[in-house]
Amino acid sequence: MVQDHTRVFQDLIYVYPVISRRSRGLSIGVNLNPDKRCNFDCVYCEVDRRTPGRAESVHLDQLRAELSWLIRYAQDGGLATQPKFDQVPELTRVVRDIAFSGDGEPTMVPNFDACVQAVTGVMDELGLDDAKLVLITDSAGLDKGTVKRGLELMSARKGEFWCKLDAGTEPYYRLVNRSAVRFERILANLRETAQSHPIVIQSLFLRVHGEPMPAAELNAYCDRLNEIVQAGGRIREVHAYTIARPTPEPWATKLTAAELKAIADAIRERTGLPVEVFD
Ligand code: SF4
């Protein structure tokens, strides 16, 4: 799942800096998918798939070297002199979080745990004790062994797991996320992960061919969240978004701020969960 903003900085392949509203400061994105692989094909995906991806697998030494360079560059004030970052120099020296989030789905890499270890190793070396480690995921690979081990490692390091859920039923999931992965597997992964670690649900609400999410679908979506909680899962909060940039499908369009707020209110009312809106 993509975080936002451009994922190309200098000649770096695996890392990129972002001033993020959600992090309230500097976030370093770790792009484990320069190859642009994803097991979803969301109608709103902002990854440019017309141009081919770059490296095919993650070279851990290069990942470490790039991450270490970028953290030092930020801490030493170099990033503060770069276009766009020079508009908010006071935010560029402290790394608030490091997020696995790139041009595809991070849990698709075969060595996710080794990637987490590479990142935590650099954090230890550079004394980044206060930075959070975030995984932004479409939830399809949360049941893989390497991913579960990675989540444990992250958990020991203020790890946060931001998991996508854009639908309440299989047909709507197929319409919006266009994935071959069964919806039931996504739900089981969310449930099982939330039973071990608190998760954040990230949901993008949009207009499809002019129609916002139907009321019955929104009810079903809330039911899915309630089922996770009833099964002993912990949902810290729900992040509700709409589309921010041009989409590959012209019929996938954004909601108004009022529509998104109404959806957030309905989720709060039906689930009792905290909902943060990003419009
Ligand atoms: S999960 Fe969806 S939005 Fe995220 S990279 Fe894959 S296709 Fe794009």
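**Entry 1: ground rules**

I number residues from 1 along each chain as its sequence is written. Because the model is predicted, local features need pLDDT of at least 70 and side-chain atom pairs count only at pLDDT 80 or more, while totals for chains, interfaces and linings use all residues. I take helices (H or I, at least four residues) and strands (E, at least two) as DSSP runs, numbered from the N terminus.

**Entry 2: the sheet**

I looked up the strand order first. The sheet is open and has eight strands, in the order S1-S2-S3-S4-S5-S6-S8-S10, with mixed pairing. Two strands pair if DSSP finds at least two bridges between them. At the edges I find S1 (15–20) and S10 (275–278), each of which pairs on one side only. From one strand to the next the twist averages 25 degrees. For such angles, axes are lines fitted to C-alpha atoms, for helices over the stretch in contact, and angles run from 0 to 180 degrees between N-to-C directions.

S1 and S2 run antiparallel and are joined by six bridges. Tyrosine 16 stands opposite glycine 29 in S2. The two strands S1 and S2 form a hairpin with four residues between them, and arginine 24 in the turn has a positive phi of about 55 degrees.

Next I followed S2 to its other partner: five bridges join S2 to S3, and these two run parallel. Valine 30 has phenylalanine 100 as its bridge partner in S3.

I also checked burial, calling a residue buried if 20 or more other C-beta atoms lie within 10 Å of its own, exposed if 12 or fewer, and partly exposed in between, with C-beta atoms placed from the backbone. Five of the six residues of S2 are buried, so S2 is largely enclosed by the rest of the structure.

**Entry 3: S4 and its neighbours**

S4 (residues 132–137) also has five of its six residues buried, so the rest of the structure largely encloses it. Four bridges join S4 to S3 (residues 95–100), and the two run parallel. Alanine 99 has valine 134 in S4 as its bridge partner. S3, helix H2 (residues 112–125) and S4 make a right-handed β-α-β unit. A crossover is right-handed if, with the strands pointing away from the viewer, the path from the first strand over the helix to the second runs clockwise.

S4 is also joined to S5 (residues 159–164), by five bridges and in parallel. Threonine 137 stands opposite cysteine 163 in S5. The chain crosses from S4 through helix H3 (residues 145–155) to S5, and this β-α-β crossover is right-handed.

**Entry 4: further along the sheet**

I noted six bridges between S6 (residues 199–204) and S8 (residues 235–241), which run parallel. Valine 200 has glutamate 237 as its bridge partner in S8. Helix H7 (residues 257–271) lies across S8 and S10, running at about 170 degrees to S10.

H1 lies across S1, S2 and S3, at about 40 degrees to S1. H1 (residues 60–75) and H2 pack at an angle of about 35 degrees, with their axes 9 Å apart. From H1 the contact includes Leu60, Leu63 and Leu67, and from H2 it includes Cys115, Val119 and Val122. Contact here means C-beta atoms, placed from the backbone, within 7 Å.

I then asked which residues have the most contacts inside the largest nonpolar core. They are Val30, Cys115 and Val119, in a core of 74 residues. Such a core is a set of buried Ala, Val, Leu, Ile, Met, Phe, Trp, Tyr and Cys residues joined through C-beta atoms within 7 Å. H2 gives the largest share of this core, seven residues. Cysteine 115 touches Leu32, Val58, Leu63 and Val109, not counting residues up to four places away in sequence.

**Entry 5: two positive phi values**

Most residues other than glycine have a negative phi. Lysine 36, in the loop between S2 and H1, has a positive phi near 70 degrees. Lysine 36 is partly exposed because 18 other C-beta atoms lie within 10 Å. Arginine 178, in the loop between H4 (170–177) and H5 (183–196), has a positive phi of about 45 degrees although it is not a glycine. Arginine 178 is partly exposed too, with 13 other C-beta atoms within 10 Å.

Notes:
Contact = placed C-beta atoms within 7 Å.
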